[in-house]
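Here is a report on one protein chain. Look over the sequence and the model first, then read on.

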Amino acid sequence: MAGGNDDRRFMRLALSLGARGMGQVWPNPAVGCVIVKAGRIVGRGWTQPGGRPHAEAMALAEAGPAAAGATAYVSLEPCAHYGKTPPCAEALVRAGIARVVSALHDPDPRVAGRGHAILRAAGVEVSEGVEAAAAETDHQGFLMRVREGRPMLTLKLATSFDGRIATASGESQWITGPAARHLVHAERARHDAVLVGGGTARADDPMLTVRGMGMSRQPVRIVAARHLNLPLDGRLARSVDAAPLWLLYQEASVDLALEDRWRAIGARLLPVPLGPGRQLDPPGMMRALGAAGITRVFCEGGGQFAASLLSAGMVDRLIGFTAGLALGAEGRPALGAMGVDALQDAPRFRLAATEAVGPDVLHRWVRA
């Protein structure tokens, strides 16, 4: 049996496999599984697009008879409930797995320790908590949805050196270079949904899709527009067949006929209550998305919308791209007003990583 450093090494591989499913498997977690026998990998798998098959089923299918007596490394507790497929915990038992190493207990009430209990009752040795901190990071969106009822939110900002997103006249294409824009598409692909405010949707007429990466499942495009005052002939509306379009709005402020027009073209409408400033309530938006199954959201602006999310404590990760040019005080700031009078009241983030991306600098931050 493996142990110690071997357990951590194989679990890190399971986590890297699971990451391949990010953005493709919601509302399920993006799990990875590695099956090892006598020090040799005999099966590998990760949750497939749409959430099925699960990682364990994929790894067991590859391992075949070699699974008997082997150790399975799983980045989250194997499921214990019957859904579209039987429980993975039972599948591991039937395959003759001798030991299961898991990174995390699954807080989903349908599992919540029952997967580990099924294994132990069948005589399978179970080790928990291997690479738990890394698994908490990878599964953050799924875990937050279960524990808090909302998805994880990543906010992206691309700015000049002095924190501007456009010139005074509004010119913004392109502040950052092609390499940074390519990485933005990669980040979209790793999230379940891409979110923008209504002002950005009206001004930029964006597509918000992932391009150039052979996606099998496009992220959900989400626009927060209180009055649904978006162009019905815009690119978002015209491309509902290519990628889902969800609209967050205040039900009481919209005419039923307008709702029907959006539904007729295939958009999904999610009503949200109003919050401070008579704008859509940020926690209410996140709860609505969590209830709809979304686990990971990538927000791309605009400035006032991003400021409202930050002020409400809804931003969990920041991704910043800084370009080597300065636009001056007359340029448009990256964020709208936040009403911060004292530094101690400002949202704080901890630097996680920096790297050069073409001519620009990428910096990643996590909520402190």
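## Two cis bonds

Glycine 302 lies in the loop between strand E12 (296-299) and helix H12 (303-311). Helices (H or I, at least four residues) and strands (E, at least two) are DSSP runs, numbered from the N terminus. The bond that joins glycine 301 to glycine 302 is a cis peptide bond, with omega about 5 degrees. A cis bond also runs from tryptophan 26 to proline 27, where omega is near 5 degrees. Proline 27 sits in the loop between helix H1 (5-18) and strand E1 (32-37).

This is a predicted model, in which local features need pLDDT of at least 70 and side-chain atom pairs count only at pLDDT 80 or more, while totals for chains, interfaces and linings use all residues. Residues are numbered from 1 along each chain as its sequence is written, and side-chain values use heavy atoms, with hydrogens and water left out.

## The whole chain

The protein chain has twelve helices and 16 strands. Its radius of gyration is 22 Å, close to the 21 Å that the globule rule gives for 368 residues, so the chain is as compact as a globular protein of that length. The radius is taken over C-alpha atoms, and the globule rule is 2.2 Å times the number of residues to the power 0.38. Along its principal axes, the C-alpha trace spans about 65 × 50 × 40 Å.

Buried residues make up 50% of the 368 residues. Buried means under 20% relative accessible area, exposed means over 50%, and partly exposed is in between (1.4 Å probe, protein chains only). Now take the contacts (heavy atoms within 4.5 Å). Of those with a separation of 6 or more, 72% are between residues 24 or more positions apart.

## Covered strands

Which residues of strand E13 (residues 317-322) are buried on each side? On one side they are Arg317, Ile319 and Phe321; on the other they are Leu318, Gly320 and Thr322. Two strands pair if DSSP finds at least two bridges between them. Strand E6 (residues 152-159) runs parallel to E13, joined by six bridges. Here lysine 156 stands opposite isoleucine 319. Strand E16 (residues 360-367) runs antiparallel to E13, again with six bridges. Arginine 317 faces valine 366 in that pairing.

Strand E8 (residues 193-197) is mostly covered as well, with five of its five residues buried. Ala193, Leu195 and Gly197 point one way, and Val194 and Val196 point the other. E8 pairs with strand E9 (residues 220-224) in the parallel sense, over five bridges. Alanine 193 has valine 220 as its bridge partner in E9.

## Charged side chains

Side chains of opposite charge can pair when their charged atoms come close. A salt bridge is a side-chain nitrogen of Lys or Arg within 4 Å of a carboxyl oxygen of Asp or Glu. The structure holds 15 salt bridges. One of them links arginine 110 and aspartate 108, with the closest N and O atoms 2.8 Å apart. Arginine 110 is partly exposed, at 46% relative accessible area, whereas aspartate 108 is buried, at 9%. Another links aspartate 281 and arginine 287, at 3.8 Å between the closest N and O atoms. Salt bridges that share partners also join Glu148, Arg150, Asp316 and Arg367 into one network.

Which charged residue is buried yet has no salt bridge? Glutamate 56 is the answer here, and the nearest side chain of opposite charge, arginine 52, is 9.3 Å away. (Lys and Arg count as positive, Asp and Glu as negative; His and the chain ends are not counted.) Glutamate 56 belongs to helix H2 (residues 55-63). Leaving aside neighbours within four places in sequence, its contacts include Cys33, Val74, Leu76 and Leu92.

## Positive phi angles

Most residues other than glycine have a negative phi, and most peptide bonds are trans. Alanine 38 has a positive phi of about 55 degrees. It lies in the loop between E1 and strand E2 (40-46) and is exposed, at 86% relative accessibility. Alanine 112 also has a positive phi, near 45 degrees. Its place is the loop between strand E4 (99-102) and helix H4 (114-121), where alanine 112 is partly exposed at 38%.
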